[in-house]
Amino acid sequence: MPVDAAFARRDMAVLYDSFNAHGADGDFYLSLARSPCRILDLGCGTGSLALRLADLGHAVTGLDPAPGMLDVARQKDKAGTVCWIAADARDFALGEAFDLIIMTGHVFQVFHDDAETLAVLSSACRHLAEGGRLVFESRNPPARAWEGWIEERTCERTDVPGIGPVEVYYQVRDAWGDFVRFDAVFTLLKTGERRISESTLRFPDRNTIAQLLKAASFSSVKWLGDWDGTPLAPHSPEIIVIAEA
C-alpha cells in the first residue's frame, strides 16, 4: 500500500488528523453496521472512524502501513478498544474473517494500477465472512473534483494541540490520464514553517472498478453516487461501492 512519505512521520500525521474530520461520509459508514460485528478498517489512518465504530460496540481492527498515522491512532485509543496493525493492504493475512471491511477517505485511489488494486480487493475478499461486505468510495472522474483543488477554494485554518494555529490548502501540480498529483501545503502560523505532502491519486471509472471487483471474485455490487444513498449517476460526486463475494 503506497505511503506518502510525509505521513510516515508522526508530526505530519498530527496535522492530517487535525484537518480530516469525518462528515457525511463518516455517518454513512457508521450506519452500515447496526448490530455489533467484526469490522476491518483498511487504510485506517489516524483511526478516527475506527474509534467511533468501536465506541458503538463493534470489534474493530485498523490496518495502515504508515507508522506516523498509527502512532497518532494508538495515542487516541486510551482504552485500547481497537486492534491496530501495521501492514500493506495488498498482501495482508490476518487469519480471521470480518463482517464488514471498509476503505474510507478515498484510500481506494492511492493504488495506481490494476495489478495492485486487484491485490487489495482480493485480499479483502479473502477476509470476508459469509455474507460480509466490502464498502469503499472513489471520486467519480466526470465530476472532476480536482479542478477545485486550488488555494482560494481549499484554504482552512485550525488550532493544532501542541503546535498552535495551522493553515492548509491543496494545490494540483499535474493531471494526466487517470491520475492527479497534488500538494497539501501546511503552514505553521507561529513560525511560518511550511510542511508539504505530495500525493498522487488515480481516478478509475465505474467500468474499471466493476471489472476489478469481478476479477477479485465479488459477485454482487451495489453502486451509490453520494452519501445520502442516491444511486450512481454519470456526474455523481462519488462512486460508492457495496460489494459481496
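These are my notebook entries on the predicted model shown above.

**Ground rules**

I number residues from 1 along each chain as its sequence is written. The model is predicted, so I take local features only at pLDDT of at least 70 and side-chain atom pairs only at pLDDT 80 or more, while totals for chains, interfaces and linings use all residues, and side-chain values use heavy atoms, with hydrogens and water left out.

**Whole chain**

I looked up the elements and found seven helices and eleven strands. These are DSSP runs numbered from the N terminus: helices are H or I with at least four residues, strands are E with at least two. The radius of gyration is 18 Å, close to the 18 Å that the globule rule gives for 245 residues, so the chain is as compact as a globular protein of that length. That radius is taken over C-alpha atoms, and the rule is 2.2 Å times the number of residues to the power 0.38. Along the principal axes, the C-alpha atoms fill a box of roughly 55 × 45 × 30 Å.

I then checked burial. Of the 245 residues, 51% count as buried. Buried means under 20% relative accessible area, exposed over 50%, and partly exposed in between, with a 1.4 Å probe and protein chains only. For contacts (heavy atoms within 4.5 Å), I took residues at least 6 apart in sequence; 61% of those contacts join residues at least 24 apart.

**Sheet 6-7-8-9**

Four strands form an open sheet in the order 6-7-8-9, with antiparallel pairing. Strand 6 (156-160) and strand 9 stand at the edges with a single partner strand each, so one side of each has no neighbour in the sheet. Neighbouring strands are turned by 25° against each other on average, direction ignored. Strands pair here if DSSP finds at least two bridges between them.

I followed strand 6 into strand 7 (residues 164-176). Five bridges join the two. T158 stands opposite V166. Helix 1 (residues 10-19) packs on this sheet and touches strands 6, 7, 8 and 9; its direction makes about 120° with that of strand 6. Angles run from 0 to 180 degrees between N-to-C directions, on axes fitted to C-alpha atoms, for helices over the stretch in contact.

R157 has E167 as its bridge partner in strand 7. Three residues lie between the strands of this hairpin, and G162 takes a positive phi near 80°.

I also looked at T187 in strand 8. Its relative accessibility is 13%, so T187 counts as buried. Leaving out residues up to four places away in sequence, T187 touches P165, V166, E167, G192, E193 and R194.

**Helix 5**

Helix 5 covers residues 114-126 and reaches 18 Å from first C-alpha to last, close to the 18 Å expected at 1.5 Å a residue. The expected span is 1.5 Å times one less than the number of residues. Its buried residues are E116, T117, V120, L121, S122, S123, A124 and C125. Their cover includes strands 1, 4, 5 and 9 and helix 7. At the start, a side-chain oxygen of D113 comes within 3.1 Å of the backbone nitrogen of A115.

**H58**

H58 sits in the loop between helix 3 (48-55) and strand 2 (59-64). H58 is buried, with a relative accessible area of 6%. Leaving out residues up to four places away in sequence, H58 touches A33, S35, P36, C37, I39 and L53. The H58 side chain reaches the backbone nitrogen of C37 at 3.2 Å.

Technical notes: Polar contact = N/O pair within 3.5 Å; in protein donor to acceptor, adjacent residues only side chain to side chain.
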